[in-house]
Amino acid sequence: MNILSQARRSLGQADPNFGAPLDTTKGTILYVEGITVSFDGFRALNNLNLYIDEGELRCIIGPNGAGKTTMMDVITGKTKPDEGSVFFGQQINLLELSEHQIARGGIGRKFQKPTIFEALSVYENLELATAADKRVWWTLTQQLNSAQKYRIDEVLLQIGLQEHRYKNAGALSHGQKQWLEIGMLLMQNPRVLLVDEPVAGMTGEETEKTAELLLSLAGDHSVIVVEHDMKFVRSIARKVTVLHQGSVLTEGTMDQVQNDPKVIEVYLGE
Amino acid sequence: MLTQRLLLSDRGGMIVLGLVLLAMVLVPICNILVPETSSLHISTFMVTLLGKFLCYALLALAVDLIWGYCGILSLGHGAFFALGGYAMGMYLMRQIGPRGQYGDPLLPDFMVFLNWKELPWYWQGFDMFWFAMLMVIVIPGLLAFVFGWLAFRSRVTGVYFSIITQALTYALLLAFFRNEMGFGGNNGLTDFKDILGFPIAANGTRISLFLASGFMLIIAYIACRYIVTSRMGKIIVSIRDAESRTRFCGYKVESYKLWLFVFSAILAGIAGALYVPQVGIINPGEFSPLNSIELVVWVATGGRGTLFGAIVGAFTVNYGKTIFTSYSPETWLFALGALFVIVTLVLPKGLVGLFNRNKKVPAKINTTAEPTNSTAETAKENV
Ligand SMILES: Nc1ncnc2c1ncn2[C@@H]1O[C@H](COP(=O)(O)OP(=O)(O)O)[C@@H](O)[C@H]1O
Ligand SMILES: [Mg+2]
């Protein structure tokens, strides 16, 4: 069945059939091609191309204002680009879907500034993020089933917050909030995780734990990490993409990238 | 289980609902059984006044549900209240029948006065009580649906939303002022004779309307509790606190806002419908933008985001208004403005926050494992 036309037919109301296995026969899960985004004439993204493999951990670096966050906005449906295309697997055109549909479909996103539900407990935060029927009328009567509860326990363990499950999320430390947000993404059983500056403001120990967490996620999920902290990037990176003025400057291993004259110029030129 | 969730875990709500129930028992007794000479006697005027306050409380509840829990500040809820009131008023007008001054068997007086020859189509059916009651729900609900659909879909939020709701109620005010609209223009609908066959000004009718208002308030309160304690309630609070996070968790935020807004508008409409037979008139003045602002002040004064705080606020501010206006009516608006400033600066959690402060451990300290629902409660009270 053609997922795309199905989505079109339903006027964007119903979700595309994400239940069908995602077509990643070519090994690539995310295709970002020729994306251009302008804000009042200023090109935040300029003909950006990016391909992410299934299960890959990709680091994206680049100076402030390079367009890293804007790129995530485009993939997650927050910003519609002027040009280009974004495909999830071979079939699903993400540009036709809205934020909640993309999220339901398996692309989770962590914001640059930790965004969690501070008025709710850690457990409730994960509960709300649980993959379940998220239509209004269902949530009026729905309760968690045991499989979902089990999954919450699993994720709590994974993000190391099992002792804080009933704590108010607003009372967590900065690092814990970041992990909780990652945990919320995991509750949705995503295929792709977009993580924007996860270690900004973290202590050394927290940074290490985060690196471990992200490394453990790769493989089961494709993880895209945007980060400024070079030491951190070096500790997790396999493949690095350098973004500059809205396009890809270069791609390669950390060593290749750091010795690339173009990259040196951009960073020294700052 | 459900009683625990809806009522027992909500101490303030239990107290407030208890007081409402107590009033529903005592007020009729003191009005009917206690002789007029006794100091315990409650006059019919007082019964009606309290009935009015119950309607205001229901209206405040509707506003608190969307403002306190979802952060949608509607400054046009008076419009839904008035529409519900007009639907009831149309029923009451049709009940007058040939007893009007002009004695026309079908047309209300103002239509005869305008030289209209037949009843407009939109007045059809309002002679039937069930139909009018259906309209009390459908008209405000439908308007809220269309308006909310347009606004939320275009992601109009915050102060912009507040402004367009003001514009909505103002536009309706102007429209209902026009005689050609067929709702009695400036004078509105009045001179009601009876409701369901009972004379509208009779003691027994007044008591029944008072009881119906109290009953409706309790039902609505429990319904609102059901919503805010369900998972939907948590989602609504999440939308208030981190809208885009909620969206990226896979929730269609617009739909949640829309249905909550519609439900709230329906509650406001019901409040209006109960209000009109008690005060005996509905006119375009009820659409006044100022009314909608005033009722937000009730909620802020009582304490938003608690539901029972809205009821407390509606009663205290309106009781204050009644006292105040009997001494110096022209300064009431200044007093209301001052009240709003004071509440915002000194009592951000309203009157019920004052009462809760000593008892509750701040959420930030409570780190140990405890049942989820009590954590949720502390959380709610901390917003
Ligand atoms: N909504 C917006 N309106 C106008 N300019 C924007 C907007 N969002 C981002 N920009 C601009 O686009 C550029 C790229 O921003 P961003 O993607 O946040 O960079 P990064 O995350 O790499 O630091 C910046 O110059 C920023 O000022
Ligand atoms: Mg950024």
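Predicted model: local features only at pLDDT ≥ 70, side-chain atom pairs only at ≥ 80, totals over all residues.
Local features need pLDDT of at least 70 and side-chain atom pairs count only at pLDDT 80 or more, whereas totals for chains, interfaces and linings use all residues. Residues are numbered from 1 along each chain as its sequence is written, chains are lettered from A and ligands numbered from 1 in the order in which they are written, and side-chain values use heavy atoms, without hydrogens and water.

View 1. A:Thr69 lies in helix α2 (residues 68-75) of chain A and A:Gln112 in the loop between β6 (107-110) and α4 (122-129), so the pair ties together parts 43 residues apart in sequence. Helices (H or I, at least four residues) and strands (E, at least two) are DSSP runs, numbered from the N terminus.

View 2. A:Leu193 is buried, with a relative accessible area of 1% (buried means under 20%, exposed over 50%, partly exposed in between; 1.4 Å probe, protein chains only). Beyond residues up to four places away in sequence, A:Leu193 touches several residues, including A:Gly108, A:Leu217 and A:Ile224 (contact means heavy atoms within 4.5 Å).

**View 3. The open four-stranded sheet β2-β1-β4-β5 of chain A, with antiparallel pairing.** Strands β2 (42-53) and β5 (92-93) stand at the edges, each with a single partner strand. Strand β4 (residues 83-88) pairs with β5(A) over two bridges (pairing requires at least two DSSP bridges), and A:Phe88 stands opposite A:Ile92 in β5(A).
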